[in-house]
Amino acid sequence: MANDSSRPEKKKQDTAGEIFRQKIEFHRRQAGLPIEEKVRILVELQKIALTVQPKKQQNDSRMVWRIS
Amino acid sequence: MEKTIKIINQMRDEQVFVSYAVGGGIAALFYIEPITTFDLDVFVLQPVSTGDIVSLSSIYSWLEKHGYKPEKEQVIIEGVPVQFIPAYNDLVNDAIRDSVQKKYGTTAVSVVSAEYLMAIMLQTYRPKDRDRLMKFIDETTIDNTLLTAILEKHNLTHSFEEFTRKFYGK
């Protein structure tokens, strides 16, 4: 009889492996976006970064780009 | 950002600097997924006559004349903080000279190649450089022959071997 106890573990590994592969694929797709789209995303990332870590010092020159 | 690039191209055309190449996080953006960065780094080759002392005064003068005032080490050009960085060593010199032509919108822009960006990141080796190096390896196509030649020329082969051993176990 097959070792049934190994099947749930194998399923977990397959699921984790698939998630990992999808993550890699996602990052590669993002890398292939047009540069203009990447810059649009960059501006959103800047807004998030400044929300999470607002300026505290006067010499902090970070700003959200003012581009259309 | 296209308007910003047009201004930088105009500066090059008017020989405020000999040539330029976009580096740093924005250059990386041409090759890898979007990452957070806040300024546009522009490496510049300046005229030989400026001598050994590196001066950005001619750059700042031109920008002020055209309505762009410096704020600390950067200048806001058409809504984008730009940092002009004179080539500070042979690697950056080569990176500018061997820069690649990309397009942003309909505007041509000189960008440091992926291979030179990797070499520069190996040289500066800050934590964010290590993160970006991994993204370059995982997300983009690298000319390995070119990369090997660059690393050898600038004594970075061992650094790259150490990096891949540490983070990729090979």
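At 68% relative accessibility, Asn155(B) counts as exposed, in a model that is predicted. Asn155(B) belongs to the loop between helix H7 (144-153) and helix H8 (157-168) of chain B, and its phi is positive, near 55°, although the residue is not glycine.

**Loop residues with positive phi, and a buried neighbour**

- Most residues other than glycine have a negative phi.
- His154(B) is found in the loop between H7 and H8 of chain B.
- His154(B) has a relative accessible area of 12%, and is therefore buried, the cut-off being under 20%.
- Apart from residues up to four places away in sequence, His154(B) touches Asp90(B), Leu91(B) and Asp94(B).
- Leu91(B) and Asp94(B), both touched by His154(B), also take part in the contact of H4(B) with H5(B).
- Gln15(B) is another non-glycine residue with a positive phi, here about 60°.
- Gln15(B) is placed in the loop between helix H1 (2-13) and strand E1 (19-23) of chain B.
- The relative accessible area of Gln15(B) is 47%, so this residue is partly exposed.

**Packing of helix H4 against helix H5 in chain B**

- Helix H4 (residues 90-97) of chain B and H5(B) have axes that come within 10 Å and cross at roughly 165°.
- H4(B) is therefore roughly antiparallel to H5(B), since the crossing angle is over 145 degrees.
- The crossing in which H4(B) passes H5(B) is left-handed.
- On the H4(B) side the contact involves Leu91(B), Val92(B), Asp94(B) and Ala95(B), and on the H5(B) side Tyr116(B), Ala119(B), Ile120(B) and Gln123(B).
- Sorted by class, these contact residues are 6 nonpolar, 1 polar and 1 charged.

**Packing of helix H5 against helix H6 in chain B**

- Helix H5 (residues 114-124) and helix H6 (residues 127-139) of chain B pack with their axes 9 Å apart, at an angle of about 150°.
- H5(B) and H6(B) are therefore roughly antiparallel to each other.
- H5(B) passes H6(B) in a crossing that is left-handed.
- H5(B) contributes Ala114(B), Leu117(B), Met118(B), Met121(B), Leu122(B) and Thr124(B), which meet Asp129(B), Arg132(B), Leu133(B), Phe136(B) and Ile137(B) of H6(B).
- The contact of H5(B) with H6(B) comprises 8 nonpolar, 1 polar and 2 charged residues.

**Buried strand residues of chain B**

- Val111(B) is part of strand E7 (residues 107-111) of chain B.
- Val111(B) counts as buried because its relative accessibility is 0%.
- Neighbours within four places in sequence aside, Val111(B) contacts Ala21(B), Val22(B), Ala27(B), Phe30(B), Tyr31(B), Ser99(B), Val100(B) and Lys102(B).
- The C-alpha atoms of Val111(B) and Ile96(B) are 8.0 Å apart in space, while the two residues are 15 residues apart in sequence.
- Pro86(B) sits in strand E5 (residues 80-86) of chain B.
- With a relative accessibility of 15%, Pro86(B) also counts as buried.
- Pro86(B) and Leu56(B) are 30 residues apart along the chain, and their C-alpha atoms are separated by 7.8 Å.
- Gln74(B) is in strand E4 (residues 74-77) of chain B.
- Gln74(B) is buried, its relative accessible area being 3%.

**Interface of chain A and chain B**

- Gln74(B) touches a residue of chain A, Ser61(A), as well as Asp39(B), Pro81(B) and Val82(B), residues up to four places away in sequence not being counted.
- In the two chains as a whole, 22 residues of chain A are in contact with 27 residues of chain B.
- About 2,100 Å² of area is buried between chain A and chain B, and carbon and sulfur atoms give 65% of this area.

Note on methods
Residues are numbered from 1 along each chain as its sequence is written. Chains are lettered from A and ligands numbered from 1 in the order in which they are written. This is a predicted model: local features need pLDDT of at least 70, side-chain atom pairs count only at pLDDT 80 or more; totals for chains, interfaces and linings use all residues. Side-chain values use heavy atoms; hydrogens and water are left out. Helices (H or I, at least four residues) and strands (E, at least two) are DSSP runs, numbered from the N terminus. Buried means under 20% relative accessible area, exposed over 50%, partly exposed in between (1.4 Å probe, protein chains only). Contact means heavy atoms within 4.5 Å. Axes are lines fitted to C-alpha atoms, for helices over the stretch in contact, and angles run from 0 to 180 degrees between N-to-C directions. Angles under 35 degrees count as roughly parallel, over 145 as roughly antiparallel, 65 to 115 as roughly perpendicular and the rest as oblique. A crossing is left-handed if the near helix is turned anticlockwise from the far one by less than a right angle, and right-handed if clockwise. Ala, Val, Leu, Ile, Met, Phe, Trp, Tyr, Cys and Pro count as nonpolar, Asp, Glu, Lys and Arg as charged, and the others, Gly among them, as polar. Buried area is the accessible area (1.4 Å probe) that two parts lose on being put together, summed over both.
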